[in-house]
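Subject: Structure for you to look at

Hello,

Here is the structure I promised to pass on.

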Amino acid sequence: MTTGENSVVYMDNNATTMVAPEVIEAMMPFLTDYYGNPSSMHTFGGQVGEAVSKARADVSQLLGCDVEEVTFTSCGTESDSTAILSALRAAPDKRHIVTTRVEHPAIKNLCENISSFTGHKYRVTRLKVSDEGLLDLDEYVRALTEDTAIVSVMWANNETGVVFPIAEMARMAKNRGILFHTDAVQAVGKIPIKLKELDIDYLSMSGHKLHAPKGVGVLYVKKGTAYVPYMSGGHQEGGRRGGTENVASIVALGRACRLAEEMMEEENTRVKRLRDKLEDGLLASIPRSLLNGNKENRLPNTSNISFEFVEGEAILLHMNRFNICASSGSACTSGSLEPSHVLRAMGVPFTAAHGSIRFSLSIYNTEQEIDFVLDKMPQIISDLRQMSPFWPGD
Amino acid sequence: MWEYTDTVTEHFQNPRNVGEIPDAQGTGDVGSLACGDALKLTLKIENDCIVDAKFKTFGCASAIASSSALTEMVKGMKVEDAEKITNEDIADFLGGLPKEKMHCSVMGREALEAAIADYRGLVLPSAEGEIVCECFGVTDIEVSRAVKESNLRSVEEITNFTKAGGGCGKCEDKLRALLLETVSEDLKTVPVIKKAKKMTALQKIKQIEEVLDREIRPELKKDGGDIELIDVDGDFVTVSLRGSCTSCTNSETTLKEYVEKKLRELVLDSLIVEEDK
């Protein structure tokens, strides 16, 4: 696979992102010269510990929280599991979880198999979404009961980019004395977050979604909130997460958080404009194409579009011939036989669900790339439709 | 990313015979939008010989490639010869398909069969079966046939080949029963072992022995090996490999991938097979 030099038109940033050059530069010394263990007594190791502290400060700055509230983990999934299992153990008498039908597998599958982790049976309420992927807050309030141990709702959906009203939902949970977790893997760095002002108890984030490398994540735990380590071991992370720190990646994540803060404005202006140009252009030039997800309450970088009567994997593989990278919610791309659970929860008809393509941009995308994709897509869709037995004709 | 062969990629990128023959003598229409793939095959037949074939396909790369391959294979063939084409033949023509994509080749075979039945004015027997998988509309006849033709031995394989069980998963028990029924029919043995959730230790040992005797030992003997049951303690099944198995470097794989898999499938899916050393 070729990289760099713009040989790839990369529009799959909700899957993973390019490691930013300044992030590489910041982390490299910790893979070469500064290999000491932060826990060591000598200065050689100690200076590495300082770098970890600095990274923690950078993360807390982006999240708007205290440094003590930041725990480094290996990924978003580990953060999610740690948060949910902590909350459940903190409220051993409560046997109810509230979540949504559109969560990432990290939460979805955990909730589905929760009894095998806890040894107890839980009732799980999975909130419905509208055809635009939005939650009904009345239904949410009704779902909260005396028995509810935790609410877990993603901040922004990875497939459609739809953003949920997390501040409000967290407040509602707090009013009922219920712990609140949010999987903010897609939201951090794209929309401003000030945890100090919010009633969120746990928040998960992942490094590789904001231009840090894979293999590092963060769990935010509000001061005073119940916590049970998922990985037991040494005293690292204040005893919250044993295991020698993934120093280079932690340093990288700190640098990436600073970059995200610097770029937040650009993400919400230039990147958003590029996304809108791409979206409007595709919807205008390709008949029977439709937008999945609410247009307003959305991440600035994501656009999920269905092309009716054609299948997503076939579209992606034709795009691949032009080195255009994106994702699909079709059955065939997932290895399962049914289209994405998110699109099905939204009630997207089968004519469209199998032909959905997710474009997710980053600050590295250019106007030329948007023009290139706009130039190639109509022909790709048209060719496949000529082959489709369902295509009613132009 | 799927690992497609060069032939699959080539047929996907340059599909042959796309279109529809207007006055076709045989038309096969299978699959649906809901299922995520569909194929309409039209054949021009003169003197029982397929002189032209065209297709229209909605589906992934391997569905398009399978359709393209199928049309290339049948053109110029006698109907009675085309009838003998199996899904494995289509997959072989393409240099193989990922196992999760085998249902694409099955769709090709089904369309061909439907087109030939249409030409002869017959009703397909598979359409008369009873629906087992509601999600994908797969009948018991189709499942049994796939089990026999492709020598399927697990529910997962049935799903890969026919899609049955790939949706809500509620038909899993039915599929397992159908699998056992079909397999034991195949082996010409009457008793069908029902998978009981709770078994006494004695029942468990008896069933394990039965499966070892009927299914596993004959296979191992083909390669000059043998197996003996040493002990059953809870879910732990201790066995001893004999004959050529003792010196075989793959004995661990045989134990886990074959013996354990078989016992889990036919007796209890929590069983763990260990070798007595």
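Let me start with chain B, which has 10 helices and 8 strands. Helices here are DSSP runs of H or I with at least four residues, strands are runs of E with at least two, and both are numbered from the N terminus. This is a predicted model, in which local features need pLDDT of at least 70, side-chain atom pairs count only at pLDDT 80 or more, and totals for chains, interfaces and linings use all residues. Residues are numbered from 1 along each chain as its sequence is written, while chains are lettered from A and ligands numbered from 1 in the order in which they are written.

Chain B overall

The C-alpha trace of chain B spans about 65 × 40 × 35 Å along its principal axes. Chain B has 277 residues, and 40% of them count as buried. Buried means 20 or more other C-beta atoms within 10 Å of the residue's own; exposed means 12 or fewer, partly exposed is in between, and C-beta atoms are placed from the backbone. Take the contacts in chain B between residues at least 6 apart in sequence: 54% of these join residues at least 24 apart. A contact needs C-beta atoms, placed from the backbone, within 7 Å.

The cores

A nonpolar core is a set of buried Ala, Val, Leu, Ile, Met, Phe, Trp, Tyr and Cys residues joined through C-beta atoms within 7 Å. The largest one has 86 residues. Its members that touch the most others are A:Ile315, B:Ala61, B:Val143, B:Ile158, B:Ala164 and B:Leu175. Helix α5 (residues 102-120) of chain B gives the largest share of this core, 9 residues. Apart from this core lies another, of 73 residues, with A:Ala51, A:Phe72, A:Val162 and A:Ala248 among them.

What does B:Ala164 touch, not counting residues up to four places away in sequence? Its partners are B:Val132, B:Cys133, B:Phe136, B:Val138, B:Val143, B:Ile158, B:Thr159, B:Cys171 and B:Leu175.

B:Phe161 sits in helix α7 (residues 155-162) of chain B. B:Phe161 counts as buried because it has 25 C-beta neighbours inside 10 Å. Leaving aside neighbours within four places in sequence, B:Phe161 contacts B:Met102, B:His103, B:Val106, B:Ala146, B:Ser150 and B:Leu152.

Two helix pairs

Two packed helices are described by the angle between their axes and the distance between the axes. Axes are lines fitted to C-alpha atoms, for helices over the stretch in contact, and angles run from 0 to 180 degrees between N-to-C directions.

In chain B, the axes of helix α9 (residues 201-222) and helix α10 (residues 251-266) come within 10 Å and cross at roughly 120°. That makes α9(B) oblique to α10(B). Angles under 35 degrees count as roughly parallel, over 145 as roughly antiparallel, 65 to 115 as roughly perpendicular, and the rest as oblique. The crossing is right-handed. A crossing is right-handed if the near helix is turned clockwise from the far one by less than a right angle, and left-handed if anticlockwise. On the α9(B) side, B:Ile208, B:Val211, B:Glu215 and B:Ile216 make the contact; on the α10(B) side, B:Val259, B:Lys262, B:Leu263 and B:Leu266 do.

B:Leu263 is buried, because 22 C-beta neighbours lie inside 10 Å.

In chain A, the axes of helix α2 (residues 43-63) and helix α8 (residues 247-285) come within 8 Å and cross at roughly 35°. The crossing of α2(A) and α8(A) is left-handed. By class, this contact has 12 nonpolar, 2 polar and 4 charged residues. Nonpolar covers Ala, Val, Leu, Ile, Met, Phe, Trp, Tyr, Cys and Pro; charged covers Asp, Glu, Lys and Arg; the others, Gly among them, are polar.

Where the chains meet

The contact takes 21 residues from chain A and 20 residues from chain B. On the side of chain A that touches chain B, α9(A) supplies the largest share, 3 residues. That side divides into 12 nonpolar, 6 polar and 3 charged residues.

A backbone detail

A:His211 has a phi near 70°, a positive value in a residue other than glycine. A:His211 lies in the loop between β7 (202-206) and β8 (217-221) of chain A.

Best wishes

Technical notes: Contact = placed C-beta atoms within 7 Å.
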